[in-house]
Structure formats: C-alpha cells, structure tokens
Protein chains: 2
Amino acid sequence: MTDSMAPGFEIARGVWRHLDTLDMTALTEFTPVRGLRVDVIGLTAKGEIWIVECKSSLGDFRSDAKWQNYLEWCDRFFWAVPQDFPVEVLPEDTGLMIADRFDAAIVRDAPLEKMPGARRKAMTLKLARAAMRRQLGWLEPDLGAIPA
Amino acid sequence: MTDSMAPGFEIARGVWRHLDTLDMTALTEFTPVRGLRVDVIGLTAKGEIWIVECKSSLGDFRSDAKWQNYLEWCDRFFWAVPQDFPVEVLPEDTGLMIADRFDAAIVRDAPLEKMPGARRKAMTLKLARAAMRRQLGWLEPDLGAIPA
C-alpha cells in the first residue's frame, strides 16, 4: 500500500481490513460481469457474498448511476463512507459501514437477499480464479497484466 | 521469486506458469484438508480441479508415502518432474508433466475422475478464500501470517 491512496481506495482498504477480522476474505476492484466493477467483494466461510461500495463524498455517491446493478451479484450490499458523510442520503434498505483507511465498523447490517445457487456457484469460481490470477500476476509480471 | 529456490519449488513455478498458458489459475502449497498439502492446485474456467505434485528426484518421489490421498481432492492428478527423472517409476494411470523453472509440458494427460459436486463446491470456496487471503497477507503483513 502506498501513502498516496485516493480517498475511495483508503475506505476500501479499511473495509478490507475489517472484513478480515470477521473471517471474511475479500478482493478489491472485482468485475462480476462486463461493465460493472465493484470496490470490495467479500466471501464468508459459508460462501455468502457481500459487495461493499466505497464513497468518499456526496458527489462521489451522486455520480454513481448504476449501483442498483450491483445488487443481483451479492447476498448483501453495503455502502462504506467516511465519518463526515451525510448518511441520510443512502437508501435505508442497504447496509452501512463507516470507514477510514485503517478499519471500518458496520453501523447498519444489510438485508440478506440470497442469490440463486447457480449464480453463487459461478461467482465463487470467478472469485477464486481472479484471486489466484492476481497472485501470479504479482509474482510473475512477465505473464501479463492482472485482469480484474 | 528469488534466485535461490528449492528444486521442487522451481518445478512448481514452471508448472504454475504453464497452467497459466492453458487459462488455468493455480495456487501453490494449498491444504485441501488438515495434514495434506499439495504442491500446485489448478482451477479451470469450468471449475475442474487439478493437483500437480512436483518431485525433483527419485528420492523425493520415494519419500512421499501419501500421494494417493491427494486423488480424492481433484478431478485430475499429475506428477511434474525434471527432464532427467526416471519416469517409468510413476504410476501409469496418473498424468505427467516435464518441467523446469520456466515452463512445463504435459507429456501424459491425467484420467478424469470427477469429484462429487458437494466436494467440488467446498473446494472451490476454499480455493477462493485461500487465494483472497494470501493477497491480503502480502499487502497488509500486520494482519498476520498467510494461511495455507
């Protein structure tokens, strides 16, 4: 991690670290389907999939016209925002985390909307392959860019 | 990668790089179940799981008393050995790769012995979580050792 992280990425980092304390594993910048990239995606030991969208400011939130498209690719959906974010603008039927670059706290749990089994299976495989490939991309940079 | 790799690891590296050219993703040193650690485990885009055991010498092979325990944790099982290895000692109903630290070649395909669906599902989830956690362990070393 560098010291010159963009605000959204600082929040993602805190979220990632917090998910780890919950025994969730996670990836950042994951693409469940072409044209859609999520900030943080988490996977529990039982296979539940969470998406956490990180917004550093109100403008950042307002400019995201497609967040509802994320819902079908997870079992629970959260926002993660900094402490000074006007959280009343966020939809109430979504989860909420307050985060900084070091940690996060879940202040409102997300409703469970289970994905169909076939989609969860495909997503788990895709997560496994993305995480495995990123590892190789770091160890062996001559093998090409790390795909999202 | 360092220049001081153990012989078995050099082979694993070549295997890993070769699997990448087949659009397989892989992890090294993965533990499918307590007490059993495999050298390389690969995952195809369709979810097929391969295990590749890397043996640098005949002595290395002869000292492995539990390789048959690996079979139930994969769909295909391969050995990977260096070019000067006496391959006639290896069981004929297993796959075979010849490898060095840069690449590998499949010289005998492995028979397909499909795992039960529930086991494949559990293994895919475990692979996803292991790969995701290793990534965090590298980026955030204060969060603790990287679990196998």
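Predicted model: local features only at pLDDT ≥ 70, side-chain atom pairs only at ≥ 80, totals over all residues.
User: How is the size of an interface given?

Analyst: The size is often stated as the accessible area that is lost when the parts come together. Here the area buried between chain B and chain A is about 3100 Å². Carbon and sulfur atoms give 63% of that area.

User: Which residues of chain B lose the most area to chain A?

Analyst: They are Arg129(B), Met132(B) and Gln135(B), and together they make up 23% of what the chain B side buries. Two of these names come back when we look at a residue of the other chain. Thr25(A) touches Arg129(B) and Met132(B), and its contacts also include Arg133(B). Within chain A, Thr25(A) touches Ile41(A), Gly42(A) and Leu43(A). These contacts leave out residues up to four places away in sequence.

User: Where is Thr25(A) found, and is Thr25(A) buried or exposed?

Analyst: Thr25(A) is part of strand S1 of chain A, which covers residues 25-33. Its relative accessible area is 6%. The cut-off for buried is under 20%, so Thr25(A) counts as buried.

User: How many salt bridges are there between chain B and chain A?

Analyst: There are four salt bridges between the two chains. One bridge is formed by Arg133(B) and Asp20(A), whose closest N and O atoms are 2.7 Å apart. Another salt bridge is that of Asp23(B) with Arg129(A), at 2.9 Å from N to O. Asp23(B) lies in the loop between helix H1 (7-21) and strand S1 (25-33) of chain B, while Arg129(A) lies in helix H3 (residues 117-139) of chain A, so this pair joins two chains.

User: What is the relative accessible area of Asp23(B), and what is that of Arg129(A)?

Analyst: Asp23(B) has 46% and is partly exposed. Arg129(A) has 13% and is buried.

User: How many salt bridges are there over all chains?

Analyst: The count over all chains is 14. Among them is a bridge in chain A, where the side chains of Asp64(A) and Lys55(A) meet at 2.9 Å, N to O. Both Asp64(A) and Lys55(A) are buried. In chain B, Glu29(B) bridges to Arg37(B), with 3.3 Å between the closest N and O atoms. Glu29(B) is partly exposed at 32% relative accessible area, and Arg37(B) is partly exposed at 47%.

User: How do strands S1(B) and S2(B) pair?

Analyst: S1(B) pairs with strand S2 (residues 36-43) of chain B in the antiparallel sense, over six bridges. Phe30(B) stands opposite Val38(B) of S2(B). The two strands form a hairpin with two residues between them. In the turn, Gly35(B) has a positive phi of about 90°. As for cover, seven of the nine residues of S1(B) are buried.

User: How is a pair of aromatic rings described?

Analyst: Two values describe such a pair: the distance of the centres and the angle of the planes. The structure holds 14 aromatic pairs over all chains. For Trp50(A) and Phe78(A) the centres are 4.8 Å apart and the planes stand at 35°, so the pair is tilted. Trp50(A) lies in strand S3 (residues 49-54) of chain A and Phe78(A) in strand S4 (residues 76-81) of chain A, so the pair ties together parts that are 28 residues apart in sequence. Both Trp50(A) and Phe78(A) are buried.

User: What is the angle between the ring planes of Phe61(A) and Trp79(A)?

Analyst: The planes stand at 85° and the centres are 5.1 Å apart, so this pair is edge-to-face. Phe61(A) lies in helix H2 (residues 58-62) of chain A and Trp79(A) in strand S4 of chain A, 18 residues apart. Phe61(A) is buried at 10% relative accessible area, and Trp79(A) is buried at 0%.

User: Which residue lies over the face of Trp73(A)?

Analyst: Arg119(A) does, at 4.0 Å from the ring centre. In chain B, the charged end of Arg119(B) sits over the ring of Trp73(B), 3.9 Å from its centre.

Note on methods
Residues numbered from 1 in each chain as written. Chains lettered and ligands numbered in written order. Heavy atoms only, no water. Phe/Tyr/Trp six-rings, centres within 6.5 Å; stacked < 30°, edge-to-face > 60°. Helix = DSSP H or I, 4+ residues; strand = E, 2+ residues; numbered from the N terminus. Buried < 20%, exposed > 50% of the residue type's maximum accessible area, 1.4 Å probe, protein only. Lys NZ or Arg CZ within 6 Å of the ring centre and 35° of its normal. Pairing = 2+ DSSP bridges. Buried area = accessible area lost by both parts, 1.4 Å probe. Contact = heavy atoms within 4.5 Å.
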